Amino acid sequence: MAVQTPAPDAHNPSGRTFLGQPGPLANLFSVELWERFSFYGMQGILAIYMYFAVADGGLGIDETAALGIVGAYGGSVYLFSILGALVSDRLLGAERTLLGSAVMIMLGHIALALVPGIPGLMAGLLLVGVGSGGLKSTAATLVGSLYSRDDPRRDAGFSIYYMGINIGGLLGPLITGVAQQQWGFHLGFGLAAIGMAVGLTQYVLTRKGLPASVHTVPDPLPRAQYSRWAGIGIGTVVLVLVLVLTGVLNAHNLATVVAGLAVIGAVGIFALLLTSKKLDGDERSRVVSFIPLFVGTSAFFALFQQQFTVITLYSDTRLDREVLGWEMPISWVQSFNPFFIIVLAPLLAALWTKLGPRQPGTPRKFGVGIILMGSAFLLFLPMASVAAVPVLWIAMIMLVATIGELWLSPVGLSLATKLAPRAYPVMMMALYNLAVALGTSLSGALAGFYSAETEVAYFGALGAVTIMIGVVMLVIARPVSRGMRGVR
């Protein structure tokens with residue numbers, strides 16, 4: 001008997017399916033896989049590229065400054081999602097913004113691969129940061145466009161999409177780590193550029209299959225305002241250059257500055273949404289309900305993103321990475337998280353699908369995820385007196401952190417699209433990304449307090465505080481759910 005192809009609709013014009021989901025999810029799954037391959041492949045070797053000695057192929061930057069830059073860079077990626085959201089909502093639309101962002105990312109990796117020294121680092125991080133910000137503020141929106149608000153497949157679809165992210169995140173550090181160890185950093189960055197080129201080519205060939213809604217501009221900027229916003233953009237760039245040249249903005253305070261900008265940006269967007277006359281009462285209530293979830297997301301990622309800062313340094317200096325006489329690349333530790341997601345994400349997706357309306361509400365999922373992340377940090381404590389920590393121990397820590405991530409991050413992405421006001425479909429995603437920006441930049445700022453001598457106080461205090469935040473989230477879960485006005 002022939003398999004019947006579902007009828008086309010506004011969310012799935014082709015009528016094709018992919019693992020029971022709308023067909024275009026396969027295209028977005030693939031392009032995000034390659035983008036994450038390039039992003040995490042580069043980020044896996046970024047910190048050690050900066051603090052390794054020049055004789056070892058690095059830049060010889062102070063360790064604390066290097067980790068702060070990594071945190072600030074990671075935070076700025078999410079901070080630039082504001083720019084991406086504005087360009088998407090007011091100038092280009094989500095689909096064209098994603099395409100332009102992907103091109104910038106590829107150019108950034110090429111700069112890191114081909115331009116030596118600090119100039120290559122600055123050009124590469126700026127291009128990848130701006131491009132990734134634009135992609136992050138639009139990619140999940142494109143996934144959300146494939147579903148109606150009440151489609152029960154929605155959370156499962158985001159979990160599958162999230163698995164694609166982590167296949168790329170798994171392969172990136174593995175491949176660039178070996179390349180860096182055997183042939184040097186620039187070949188590793190070059191492989192990241194090739195991966196992004198593959199993803200970009202695939203996207204260009206399949207972008208026509210997306211819903212028509214993502215090709216339109218939701219809230220076009222009047223042409224009369226073009227010059228004003230261009231002036232604001234140029235003025236911002238000049239201000240940043242002046243602050244850098246005068247030393248006010250430097251490597252040691254960059255992470256703190258990015259965290260402050262994330263807070264300012266979030267306050268500004270919340271104020272914009274809550275005072276807009278384009279929102280009705282239900283939409284305004286949903287925006288308010290997102291405030292505690294914003295705080296919880298920031299707390300989670302302040303610890304989780306330390307895999308690129310403190311845990312990278314920990315892997316270099318405290319971990320026994322020798323296996324049968326062969327030393328495992330430092331960046332391979334960052335592949336534990338995506339590996340566990342690839343294994344566990346389908347199980348969680350199947351569980352949420354099976355439970356349907358009986359599954360825990362999003363605020364409760366957030367609370368559990370935050371508690372698990374805090375617990376992962378407490379697992380560092382038994383190894384504080386061990387000179388060479390076994391690799392399997394850090395794998396166990398990342399397993400607990402990953403389970404926490406699966407309870408929070410995929411459903412957080414899904415929630416942001418469900419709570420989004422119709423007049424500002426990308427702004428809620430920008431808010432979610434700003435929460436991650438705040439947490440990621442804090443991961444760099446907090447790294448300055450870490451050392452082998454302060455491990456017990458560092459991991460113990462951060463773990464305990466994060467667990468307390470998770471408990472508070474569980475306590476307030478019911479009123480937050482009511483404020484979502486029918487959104488789970």
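1. Start at Val-310. Setting aside residues up to four places away in sequence, Val-310 touches Ala-447, Tyr-450, Tyr-458 and Phe-459. Contact here means heavy atoms within 4.5 Å. Val-310 belongs to helix 11, residues 310-317. Helices are DSSP runs of H or I with at least four residues, strands are runs of E with at least two, and both are numbered from the N terminus. Val-310 is buried, at a relative accessible area of 0%. Buried means under 20% relative accessible area, exposed means over 50%, and partly exposed lies in between, with a 1.4 Å probe and protein chains only. Leu-67 is 243 residues away along the chain, yet its C-alpha atom is 7.4 Å from that of Val-310.

2. A word on the source. This is a predicted model, in which local features need pLDDT of at least 70 and side-chain atom pairs count only at pLDDT 80 or more, while totals for chains, interfaces and linings use all residues. Residues are numbered from 1 along each chain as its sequence is written, and side-chain values use heavy atoms, with hydrogens and water left out.

3. Now the whole chain. The chain has 17 helices and 6 strands. Its radius of gyration is 22 Å, close to the 23 Å from the globule rule for 488 residues, so the chain is as compact as a globular protein of that length. That radius is taken over C-alpha atoms, and the rule is 2.2 Å times the number of residues to the power 0.38. Along the principal axes, the C-alpha atoms fill a box of roughly 60 × 50 × 50 Å.

4. Burial and surface come next. Of the 488 residues, 56% count as buried. The chain exposes about 19600 Å², and carbon and sulfur atoms supply 71% of that area. These areas come from the Shrake-Rupley method with a 1.4 Å probe; for residues, only the protein chains shown count as cover. Among contacts with a separation of 6 or more, 82% join residues 24 or more positions apart.

5. Look at helix 2 (residues 63-79) and helix 5 (residues 117-144). Their axes come within 7 Å and cross at roughly 40 degrees. Axes are lines fitted to C-alpha atoms, for helices over the stretch in contact, and angles run from 0 to 180 degrees between N-to-C directions. Helix 2 and helix 5 are therefore oblique to each other. Angles under 35 degrees count as roughly parallel, over 145 as roughly antiparallel, 65 to 115 as roughly perpendicular, and the rest as oblique.

6. Which residues in helix 2 and helix 5 meet? Helix 2 brings Ile-69, Tyr-73, Val-77 and Tyr-78; helix 5 brings Leu-125, Val-128, Gly-129, Ser-132, Gly-133 and Lys-136.

7. Thr-440 sits in helix 15, residues 427-446. Thr-440 is buried, with a relative accessible area of 3%. Beyond four places in sequence, Thr-440 is in contact with Gly-71, Gly-74, Gly-75, Tyr-78, Phe-301 and Gln-305.

8. Ser-289 is in helix 10, residues 281-304. Ser-289 is buried, at 5% relative accessible area. Apart from residues up to four places away in sequence, Ser-289 touches Leu-419, Val-480, Gly-483 and Met-484.

9. Is Trp-332 buried or partly exposed? Trp-332 is partly exposed, with a relative accessible area of 23%. Trp-332 lies in the loop between strand 5 (326-327) and helix 12 (336-355). Its contacts beyond four places in sequence are Pro-173, Leu-174, Gly-177, Val-178 and Trp-326.
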